[in-house]
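User: Could you take me through one part of this model in detail? I'd like to look at a ligand and what is around it.

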Amino acid sequence: MLYPMNVDLTGCLVIIIGGGAVAERKVRGVLAAGETAFVRVIAPEITAQLRTSVDDGRIEWHSVCYTYGMLEGAFLVYAATDSATINAKVAAEAKERGILVNVIDDPSASSFQIPSSVRRGNFLLTVSTGGRSPALSHAVRMELEQLYPASFGVWLDCVARLRREMWTMLPTSRERTEFWRMALRPHILNMVHDGELEKAEVELRNAALDIGAKSSDSSD
Ligand SMILES: C[C@@]1(CC(=O)O)c2cc3[nH]c(cc4nc(cc5[nH]c(cc(n2)[C@H]1CCC(=O)O)[C@@](C)(CC(=O)O)[C@@H]5CCC(=O)O)C(CC(=O)O)=C4CCC(=O)O)c(CCC(=O)O)c3CC(=O)O
Ligand SMILES: NC(=O)C1=CN([C@@H]2O[C@H](COP(=O)(O)OP(=O)(O)OC[C@H]3O[C@@H](n4cnc5c(N)ncnc54)[C@H](O)[C@@H]3O)[C@@H](O)[C@H]2O)C=CC1
């Protein structure tokens with residue numbers, strides 16, 4: 001069983017061995033996390049889209065075949081060639097160096113796997129099958145895209161702002177916990193689904209005032 005973990009790649013060197021269709025998708029995923037990592041692709045040939053990212057200065061490309069020693073300094077490695085033998089060699093070097101490695105043709109040799117994901121701003125939904133059926137992850141991701149519109153990203157920014165305000169408005173941890181458990185109930189989420197963010201925010205603020213008033217009554 002896999003352990004879920006969301007990683008901040010800021011300043012990290014991510015090395016992708018291979019530059020084909022799958023490598024391109026993995027690079028896209030890394031860049032979607034904010035373009036704060038250093039991405040290095042090592043492969044004799046790369047796709048047109050990867051070449052565009054090289055030309056734009058978003059990634060670095062070493063136009064050579066992989067040889068032992070090229071993983072030095074990496075935080076994450078993708079063994080993403082079309083050769084099982086090369087991928088296994090990359091995995092062996094990564095493991096020897098204690099670097100996390102994703103092997104695109106061998107889940108059992110991977111120390112991490114990439115889930116399907118839906119991003120709505122900082123709101124991130126991920127789906128994994130532990131390598132058993134990537135097609136099922138893809139299908140569920142398509143469903144989630146329909147279920148969670150862009151309004152959830154905007155709503156998250158609003159909730160994060162309110163959360164900061166609640167630190168002063170509701171002074172105890174107990175009050176804040178009670179508030180958030182009550183505040184994000186289905187009828188509020190339904191408003192978010194319908195894009196009625198202002199209405200949802202007004203309801204939350206009123207609920208916070210009620211809880212604040214109740215608490216000051218009981219402490220009088
Ligand atoms: C273990 C894992 C390794 C890893 O971390 O990469 C892995 C491994 C393999 N994938 C294979 C095939 C396919 N992969 C996809 C799609 C995706 N694959 C992704 C992740 C993962 N794939 C990891 C497990 C994640 C999980 O558990 O769900 C996704 C979720 C994320 C991403 O890559 O960005 C992305 C969906 C993005 C999206 O659309 O949401 C499709 C469907 C399609 O392309 O439409 C197919 C064809 C249908 C099928 O086979 O299911 C094969 C066999 C190749 C062959 O048959 O030769 C292997 C190797 C093996 O299984 O041995
Ligand atoms: N993990 C996943 O999500 C998926 C994995 N797969 C697996 O991916 C593999 C095919 O990947 P594709 O990207 O479609 O292949 P591809 O044929 O498009 O690209 C292969 C890449 O590997 C590079 N390469 C070959 N030898 C190399 C070496 N010695 N050093 C560095 N780079 C080298 C080539 O230059 C090319 O850029 C298959 O094994 C398939 O089973 C397929 C679909 C999804």
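**Around ligand 2**

Ligand 2 sits in the second largest pocket. A pocket here is an open set of points on a 1 Å grid over the protein atoms alone, with protein on both sides within 12 Å along at least five of seven lines, and a molecule sits in it if more than half of its atoms lie within 2 Å of its grid points. Keep in mind that this is a predicted model: local features need pLDDT of at least 70, side-chain atom pairs count only at pLDDT 80 or more, and totals for chains, interfaces and linings use all residues. Residues are numbered from 1 along each chain as its sequence is written, chains are lettered from A and ligands numbered from 1 in the order in which they are written, and side-chain values use heavy atoms, with hydrogens and water left out.

So who's around the ligand? The shell of ligand 2 has 19 residues (one heavy atom within 4 Å is enough to count), and the closest are Gly19, Val22, Arg25, Glu45 and Tyr66. Helix α1, residues 21-32, gives the largest share, four residues (helices are DSSP runs of H or I, at least four residues).

Now for the polar contacts, pairs of N or O atoms within 3.5 Å. Oxygen atoms of ligand 2 come 2.9 Å from a polar backbone atom of glycine 19 and 2.7 Å from a polar backbone atom of glutamate 45. Taken alone, ligand 2 exposes 880 Å², and the protein buries 66% of that (Shrake-Rupley method, 1.4 Å probe).

Technical notes
A polar contact is a pair of N or O atoms within 3.5 Å; within protein, one must be able to donate a hydrogen and the other to accept it, and residues adjacent in sequence count only if both atoms are side-chain atoms. On a 1 Å grid over the protein atoms alone, a cavity is a set of points where a 1.4 Å probe fits but cannot get out, and a pocket is an open set with protein on both sides within 12 Å along at least five of seven lines; lining residues have an atom within 4 Å of a point. Helices (H or I, at least four residues) and strands (E, at least two) are DSSP runs, numbered from the N terminus.
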